[in-house]
Amino acid sequence: MLRRTAWILLLPVLLGACGVLSRAAAPTGKDLVLGVMLPLHDSQSGLAKEELNGIQVAVDAVNSGGGVAGRPLRLVTRDVTTREAVDPAVRGLKSAGAQVILGTYSSALSIPAAYSTSTAGLVYWETGAVADQVTGEALPHVFRVGASGTTLGQGSATFAAEQLAPRLKRAVADLRLTVVQEHDPYGDSVAGAAVREAQGRGAQVSPVITYDARNPDWDTVFAGVLAAHPDVLVLASNIPDGVAFRREMLSRNLKVGALIGSTMAECGPEFGAELGDDAIGVFASDRPTRGFNPDALAGDARAAYDTLAREYWTRFQAVPGEEAISGFSAAWALVHDVLPAARTLDPEGIATAAENLDLANGALPNGGGLRFSREPADRGQNTRAASVVWQWQGYRKSVTVWPPVLATGRVTMVPLPR
């Protein structure tokens, strides 16, 4: 409620600002079609729609400034909820004139979407999903602006070594870290990176504990955790099983120095809404969401962020959250930075422009920069993607605590009170 009040007080300033939307006349040329694939009617639809809303605000902002080379941008959206629906959607979007396809929120959908779009000769532009495999197959014309699972896992281990170990009065070499993960490409990416980073820093890392989110065997999971006796417990989960894990942890009276959720599950509003006071003290390593420090943004990025805040409130009477910021920032990088720099607005020209961009941290509206890898292991991954660590510090109150440049508060409650 405090953050909501703060945003309401800020709105008159944002509404009165020039912002990005008032910078030029409307475009007049032939539409430039951007395809979008998102799961808009299943259990993921709420967050996927937030991502779409962010994408739409970015496109409208650029259109109000003249479009790209005088051409208005137009989104053509397909509701895709299964792997089997990906290929037909890609074919349909290509027939509609799309040179680029944005999507797909879900890691389970993004992996086949990257293959299908690349095979069709189009550019795939990931706006939300984090599984490493999306940019791990060296596919041409596949790009991800946001964080990968590796980014989030590395962030967890780095935070544990640099911030938690001293507070737990442990040398890094004495820090015991255990990773529990839901076993799918999403969890595998995060958990593997957390283990590698922690081991590289010299921490004591116990074997990874896996479970099936559809039918978790918590007795086996917690037996493994108790045997490892960790100082820091890293959890790679989805939202329902992340909530269930925390409830099981409390019911079993399991004590750890810190719990870090290394996916969107633990910092999403649903986690706080479901758990209430039981969420307090938990950390989350994830992409930036509402509440990070916008003073870290430079030039156009701050104006773009203010545009998102203003327009999102005006249209949806809501503060943009993680998915909206992710969708907006990814789309903004495409329509504000890549497309205007492209010599030709076909897939080859767009991909070449993306590969040549070099934007410093703070140049994107989520605090990140932009530099796409050309290495086969992560081709098309933004090596300057923004990630943060949050902590629940009150009832439905989460605060960005790391890195310092994006932080709005300090680390507290280490060790975890309960």
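How many bridges join β4 to strand β5, and in which sense do these strands run? The close-ups below take up this question and then move on through a predicted model.

**View A. Strand β4 and its parallel neighbour β5.** Three bridges join β4 to β5, and the two strands run parallel. Strand β5 covers residues 142–144, and β4 covers residues 123–126.

**View C. Strand β3 beside strand β4.** Strand β3, residues 100–103, also pairs with β4 in the parallel sense, here over four bridges. Leu102 makes a handy landmark: its bridge partner in β4 is Trp125. Which helix belongs to the β-α-β unit with β3 and β4? That helix is α4, residues 107–119, and the unit is right-handed.

**View D. Helix α4 from end to end.** This helix has 13 residues. From its first C-alpha to its last, α4 reaches 18 Å, close to the 18 Å expected at 1.5 Å a residue. Why can α4 be called largely enclosed by the rest of the structure? The reason is that 10 of its 13 residues are buried, and buried here means under 20% relative accessible area. Among the buried residues of α4 are Ser107, Leu109, Ser110, Ile111 and Pro112. Further along α4, the buried residues include Ala113, Ala114, Ser116, Thr117 and Ser118.

**View E. The second largest pocket, with α4 in its lining.** This pocket has a volume of about 840 Å³. Its lining is made up of 33 residues, and those that lie nearest the centre are Gln44, Ser106, Asp184, Tyr186 and Asn238. The elements that give two or more residues to this lining are α2 (45–64), α4, α6 (185–200) and α8 (239–251). Which of them gives the most? Helix α4 does, with four residues. If you like to think in residue classes, the lining of this pocket divides into 14 nonpolar, 10 polar and nine charged residues.

**View F. The largest cavity.** The model has two cavities of 30 Å³ or more, and the largest has a volume of about 50 Å³. Helix α11, residues 322–341, supplies the largest share of the lining, three residues. By class, the lining of the largest cavity holds two nonpolar, six polar and two charged residues.

**View G. The second largest cavity.** Here the volume is about 30 Å³. The residues that line the second largest cavity are Gly146, Ala147, Arg287, Pro288, Ser326, Asn366 and Ala386. Three of the lining residues are nonpolar, three are polar and one is charged.

View H. The peptide bond from Trp402 to Pro403 is cis, with omega near 0°. Pro403 sits in the segment after β13, a strand that covers 397–402. Val414 and Pro415 are joined by a cis peptide bond as well, and there omega is about 5°. Pro415 is also placed in the segment after β13.

View I. Lys169 is not a glycine, yet its phi is positive, at about 55°. You will find Lys169 in the loop between α5 (149–167) and β6 (176–182). Is Lys169 buried or exposed? Lys169 is exposed, with a relative accessible area of 74%. Arg396 is not a glycine either, and has a positive phi of about 55°. Arg396 lies in the loop between β12 (388–394) and β13, and at 47% relative accessibility this residue counts as partly exposed.

Definitions and conventions
Residues are numbered from 1 along each chain as its sequence is written. This is a predicted model: local features need pLDDT of at least 70, side-chain atom pairs count only at pLDDT 80 or more; totals for chains, interfaces and linings use all residues. Side-chain values use heavy atoms; hydrogens and water are left out. Buried means under 20% relative accessible area, exposed over 50%, partly exposed in between (1.4 Å probe, protein chains only). Two strands pair if DSSP finds at least two bridges between them. A crossover is right-handed if, with the strands pointing away from the viewer, the path from the first strand over the helix to the second runs clockwise. On a 1 Å grid over the protein atoms alone, a cavity is a set of points where a 1.4 Å probe fits but cannot get out, and a pocket is an open set with protein on both sides within 12 Å along at least five of seven lines; lining residues have an atom within 4 Å of a point. Grid points are joined across faces, edges and corners, and a volume is the space filled by probe spheres set on the points. Ala, Val, Leu, Ile, Met, Phe, Trp, Tyr, Cys and Pro count as nonpolar, Asp, Glu, Lys and Arg as charged, and the others, Gly among them, as polar. The expected span of a helix is 1.5 Å times one less than its number of residues.
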